[in-house]
Every structure is written in structure tokens, then in C-alpha cells.
Amino acid sequence: MINIRLIPVDFIVERAKALKTAAEALPLRQLIADWFASNHNEAEGYQVLNEIDRFFPSARQISLNGEADSEPVVLPGCVLGRYRNNPTEARMLTAIIHEIHRRMNIPIEDSRKAKRPEDVRQDSWTWPHVMRVMIRHDIIAGNTNKATFGAMIEQVLGDKVKKNSIRRANYGNYAIVETYDFDLSVQDKDVIREITSLFLPLIMPKK
């Protein structure tokens, strides 16, 4: 017997697809995203969300925070071509970086009042963690150094960060980029897993 109290994902997907625009479907899309995130099953969730996104091919790209973005995105050469030269994936990568920066900098008072996991401040996340994930998943070139990586992040974030700030030592220990998996601390492994989950819509195989 179907548990009527569980969220009917397929039903909500069909309702979203019955709407006229991606903007109208966005609240239903966010409901599904929140459901999968709360159940720690983001991978399956991204596949379901992709079904909604593909239904609106002419719609403007929706960023992670739900804002539409039609501006062209130009990424530097350290980003591999399959992401840099694909407008949709370039915008998605930019949105992910902005979301990581947002979570790192959520005001403490706002974090204490958070009602969603993604609105909790992530003090343990660092840009070296992000760099490791991006290299390991072939988003940026394997020989990228911290100066090039920092410049790329600063370019994407624009006036949200100070020039030359990302590569400074107090933003994290870049030795973690090349640390063997078995030498990572439990906390570092957890941080890397969390950050990797944000990149899933970008790195998962497309249907």
C-alpha cells in the first residue's frame, strides 16, 4: 500500500511539467530538491530535477538559488573545455561556486536560525577543499596551481571577494589538494563529500 504521507515525487514532477514556464515550475522543483536533500539522496534527486529542467529547453538557466541568469559566462582556460565551452554547464558551474561561497559566508545569526541544512554556515569548508574536488572530478586541469585556481574563483565571484584573496594561506591549507585519501581526516572527508554533492548536477552523466 502506498504511504500517502510520503511526498509523491512523480506526481509533483508531472505537475511541474504541466506548467507553462520554468519560473512557474520553480517552487515545485525546489520542493523536490529539499526533499531529496533532507533524505541525503541528492544523486537521485538531481536525476529527477533534470527531468523537469529538460522539459523547458528554451527557458533561461536557473541557478542554484533559484535566480534566472541569461548573461553569457566566460571561464578561464584552467576549466576544462567541456564545461568552459558549454554555455549551460558554464552557468551551472558559476552557480555552484556562488553557492559554495554563500554557504561559507552565511552570517552566524542567520545560521543559528536556519530551517534548512543548506542555510547553515560552513566554517569547515575551504577553497583548497573545493580545488581538490574540482581537480579530482576533472572540472579544472590537474596541473592547476593555487594562484590560477584563486584567480578563477575570484573572476567568478567578482566583487564578492577581494582581489588575490582566495589563494592566501588563511583561506585554507592547499596541501590538502594533493593529500592521499587515506591521510585525510574524518572532517576533511566529510567536507569533501558535502562539496562534491553540490557538483553532482554538473558531473553526473547526462541522459
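Helices (H or I, at least four residues) and strands (E, at least two) are taken as DSSP runs and numbered from the N terminus. On this basis the protein chain contains nine helices and two strands, arranged along the sequence in the pattern α-α-α-β-β-α-α-α-α-α-α. The model is a predicted one, in which local features need pLDDT of at least 70 and side-chain atom pairs count only at pLDDT 80 or more, while totals for chains, interfaces and linings use all residues. Residues are numbered from 1 along each chain as its sequence is written, and side-chain values use heavy atoms, with hydrogens and water left out.

Burial was assigned from relative accessible area (buried under 20%, exposed over 50%, partly exposed in between; 1.4 Å probe, protein chains only). Of the 207 residues of the protein chain, 41% count as buried. Contacts are defined by heavy atoms within 4.5 Å. Among contacts in the protein chain with a separation of 6 or more, 60% come from residues 24 or more positions apart.

Helix 7 (residues 127-136) is largely enclosed by the rest of the structure, because nine of its 10 residues are buried. These are Trp127, Pro128, His129, Val130, Met131, Arg132, Val133, Met134 and Ile135. The buried residues of helix 7 pack against helix 5 (87-104), helix 8 (146-157) and helix 9. Aspartate 138, which follows helix 7, has a positive phi, near 55°.

Helix axes are lines fitted to C-alpha atoms over the stretch in contact, with angles running from 0 to 180 degrees between N-to-C directions. The axes of helix 7 and helix 8 come within 11 Å and cross at roughly 100°. The two helices are therefore roughly perpendicular to each other (65 to 115 degrees; under 35 is roughly parallel, over 145 roughly antiparallel and the rest oblique). Trp127, Val130, Met131 and Met134 of helix 7 make the contact with Lys146, Phe149, Met152, Ile153 and Leu157 of helix 8. By class, this contact has eight nonpolar, no polar and one charged residues (nonpolar: Ala, Val, Leu, Ile, Met, Phe, Trp, Tyr, Cys and Pro; charged: Asp, Glu, Lys and Arg; polar: the others, Gly among them).

A salt bridge is a side-chain nitrogen of Lys or Arg within 4 Å of a carboxyl oxygen of Asp or Glu. The structure holds 11 salt bridges. One of them joins arginine 112 to glutamate 109, at 2.7 Å from N to O. Arginine 112 and glutamate 109 are three residues apart in helix 6 (residues 108-112), and so are separated by about one helical turn. Arginine 112 is exposed, with a relative accessible area of 62%, and glutamate 109 is partly exposed at 45%. Aspartate 123 and arginine 121 also form a salt bridge, at 2.5 Å from N to O; aspartate 123 is exposed at 57% relative accessibility and arginine 121 partly exposed at 26%. Elsewhere, salt bridges that share partners join Glu99, Arg102, Arg103, Arg116, Glu118 and Asp119 into one network.

Aspartate 188 lies in helix 9 (residues 186-203). Aspartate 188 is buried but has no salt bridge, and the nearest side chain of opposite charge, that of arginine 132, is 8.2 Å away (Lys and Arg count as positive and Asp and Glu as negative, with His and the chain ends not counted). Leaving aside residues up to four places away in sequence, aspartate 188 touches His129 and Ile176.
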